[in-house]
Amino acid sequence: MENLDHILLFITDIKTEDCKTKLQAILDNYDGISKWNIALDDQDFVLRIVSETLNHQQIIELINNQGHFCCELT
Amino acid sequence: MRIRDEEKVQLVKQKALESLVKDGFEGFSMNKLAKACGISVATLYIYYKDKDDLIISIGQEEGDKMADAMIKNFDPTASFEDGMRIQWQNRYAYVMANPLAYLFFEQLRTSTYQVKFLESFMQKFKVVITAFMHNVVARGEMNPMPLEVFWSVAYSPLYSLIRFEREGQSVGGKPFKMTDKILWQTFDLVIKALKN
């Protein structure tokens with residue numbers, strides 16, 4: 001079972017399969033990200049990251065650098 | 001440190017079943033579910049990675065519970081009639097005790113989730129029931145026949161009665177209340193049809 005403390009959640013504007021596919025190349029290979037998924041059917045397009053080492057701010061910067069809105073889901 | 005709150009998880013499962021049965025898969029959302037549970041959306045996403053993950057997890061868990069209920073006190077070496085009687089008792093008791101889960105399975109059966117759900121659905125049950133069927137055919141208590149033929153005769157009558165009972169009415173809107181007499185009268189006819 002996943003360690004719940006390693007789950008990072010974000011509200012994004014990643015709305016389409018195309019946007020998701022573009023991010024896939026980065027997220028799949030990013031050091032420290034063990035699992036990720038985006039709920040495209042959610043009104044907040046929730047990005048869920050499982051990472052033992054990264055924090056919210058690092059993910060926000062990573063997603064912002066790809067031209068997407070991203071903030072912590074609390 | 002985040003700790004999995006089992007009470008909250010149970011509440012989520014119960015409310016999810018209620019919402020799914022009431023609104024269907026299309027009308028169901030993580031936001032609506034979080035509101036119904038009085039918890040944050042974030043909490044839901046900590047437990048489940050998305051809506052599909054939640055639906056499939058609940059389906060598999062409820063499927064396991066149903067499988068356990070169906071093989072309770074069931075002996076695969078029992079005679080055909082005794083084994084079938086236990087199956088009827090178990091199936092009837094399960095649906096009456098778990099009406100929401102039963103309706104949820106009906107929805108899953110005709111949905112795009114079906115394939116994922118069926119991958120692991122009732123594996124344990126299938127092993128036991130296959131052994132039972134093999135034994136009764138080997139003893140000559142019943143002739144071999146296609147599964148669909150067997151199921152249509154063996155269980156469709158039971159599920160028709162269950163539907164009448166759940167709806168409180170039978171054919172043409174006639175008021176209906178299940179009794180032991182009706183259940184076992186139907187069962188006896190089923191056995192008569194199938195048993196050599």
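Student: What should I know before I start?
Tutor: The model is predicted, so local features need pLDDT of at least 70 and side-chain atom pairs count only at pLDDT 80 or more, while totals for chains, interfaces and linings use all residues. Residues are numbered from 1 along each chain as its sequence is written, with chains lettered from A and ligands numbered from 1 in the order in which they are written.

Student: Where does F45(A) sit?
Tutor: F45(A) is in the loop between β2 (35-38) and β3 (47-50) of chain A. Strands here are DSSP runs of E, at least two residues, and helices are runs of H or I, at least four, numbered from the N terminus. The phi of F45(A) is near 45°, a positive value in a residue other than glycine.

Student: Is F45(A) buried or exposed?
Tutor: F45(A) counts as buried because it has 21 C-beta neighbours inside 10 Å. Buried takes 20 or more other C-beta atoms within 10 Å of the residue's own, exposed 12 or fewer, and partly exposed is in between, with C-beta atoms placed from the backbone.

Student: And what about N73(B), buried or exposed?
Tutor: N73(B) counts as exposed, because it has 8 C-beta neighbours inside 10 Å. N73(B) lies in the loop between α4 (51-70) and α5 (80-97) of chain B, and its phi is near 55°, again positive in a residue other than glycine.

Student: New topic: how many residues does each chain bring to the contact?
Tutor: Chain B brings twelve residues and chain A 13, where contact means C-beta atoms, placed from the backbone, within 7 Å.

Student: Which helix of chain B gives the most?
Tutor: α3(B) does, with four residues on the side that touches chain A.

Key
Two residues are in contact if their C-beta atoms, placed from the backbone, lie within 7 Å.
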